[in-house]
Amino acid sequence: MNKYIDIVKNSYSDYWNYVKQSVLLELNWENYFYGLILISLVVWGLEAIFPWRKNQSLFRKDFWLDTFYMFFNFFLLNLLVLIALSNAAAEVFNDILGVVGLSIANFQLLELNTLPFALRIFIFFIVIDFVQWCTHRLLHSYEFLWNFHKVHHSVKEMGFAAHLRYHWMEPVVYNSLKYIPLAIIGGFTAQDVAVVHFFNITIGHLNHANINWDYGWLKYILNNPKMHIWHHAKVLPEERKQGVNFGITLSIWDYLFKTNYIPYSGRDIEIGFEGDEQFPKGFVKQELYPFGKRD
């Protein structure tokens, strides 16, 4: 037990030092703090220059709430919960395997470090994105998970910061399901993670931005604002009630598995979900919502 307590304590200490170094500009390519700020300002600038819904304010509905969510989920959530939980869970998993004489290395199919940089990044990115696509479908398929995911779908006006409005349980689910496939393709570096992460954050911000873009023929590969708006549509056909366009960074999974849906321009469609009028408006109540009683 002392081992796990030490893991949790060291996780908090290490992550706090990382956040401090980020803010003080003591880190380079792995500085997610200023990386997030830079990406956000660039995409917000694009919203100002190329607005799709021209009557939507730059400081749209819930702009500041979503900005708080963005920094809370990207930094404070890791400090409060995820890093310690992830490190402790990984050690528990290793200990369980050790009982039967196994380790993570026994499951590793590839040693990514032996591959060229571009191929290593591509494999890491594809595996991560497909697992996230599958997880996203689960969030829409089961009522228990959907109650957490409602926080993200409670957005009523789309803008870049809506990308990171989500309940703290979502990354717990995503990270848990990513753990085994990442162990199987072990060998990726911190720089690999940073490259993929910054790319995914950029595409995610653009997907939620008030921008009339679909990237031409690349729309069949990359998720985009004109596609993702339909994922947030409040009204969908009966046969599509569990959701459409589940792509995180890539749209190709939706086209392959026939979950793509763009019937016409979604510029002026209402977004949200049935009953969102009663959904809590503030951060704390939204975080508590999935744990409350419902009829």
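**Exercise 1.** Is Arg267 buried, partly exposed or exposed?

*Solution.* Step 1: take the cut-offs: buried is under 20% relative accessible area, exposed is over 50%, and partly exposed lies in between (1.4 Å probe, protein chains only). Step 2: Arg267 has a relative accessibility of 37%, so Arg267 counts as partly exposed. Step 3: turn to Asp268, whose relative accessible area of 57% makes this residue exposed. Step 4: Arg267 and Asp268 form a salt bridge, with the closest N and O atoms 2.9 Å apart; the term stands for a side-chain nitrogen of Lys or Arg within 4 Å of a carboxyl oxygen of Asp or Glu.

The model is predicted: local features need pLDDT of at least 70, side-chain atom pairs count only at pLDDT 80 or more, and totals for chains, interfaces and linings use all residues. Residues are numbered from 1 along each chain as its sequence is written, and side-chain values use heavy atoms, without hydrogens and water.

**Exercise 2.** Find the parts of the chain that the salt bridge between Arg165 and Asp62 ties together.

*Solution.* Step 1: the two side chains meet at 3.1 Å, N to O. Step 2: Arg165 lies in the loop between helix 5 and helix 6, and Asp62 in the loop between helix 2 and helix 3 (63–99), so the pair ties together parts 103 residues apart in sequence. Helices here are DSSP runs (H or I, at least four residues), numbered from the N terminus. Step 3: Arg165 is buried at 0% relative accessibility, whereas Asp62 is partly exposed at 27%.

**Exercise 3.** Which residue forms a salt bridge with Lys156?

*Solution.* Step 1: the partner is Asp276, with the closest N and O atoms 2.8 Å apart. Step 2: Lys156 is in the loop between helix 5 and helix 6, and Asp276 is in the loop between helix 9 and helix 10 (283–288), 120 residues apart. Step 3: Lys156 is partly exposed, with a relative accessible area of 26%, and Asp276 is buried, with 5%.

**Exercise 4.** Check the length of helix 6 (residues 169–184) and locate its bend.

*Solution.* Step 1: the expected span is 1.5 Å times one less than the number of residues. Among the buried residues of helix 6 are Lys178 and Pro181.

Key:
Helix = DSSP H or I, 4+ residues; strand = E, 2+ residues; numbered from the N terminus. Bend = angle between axes of the 7 residues up to and from the residue.
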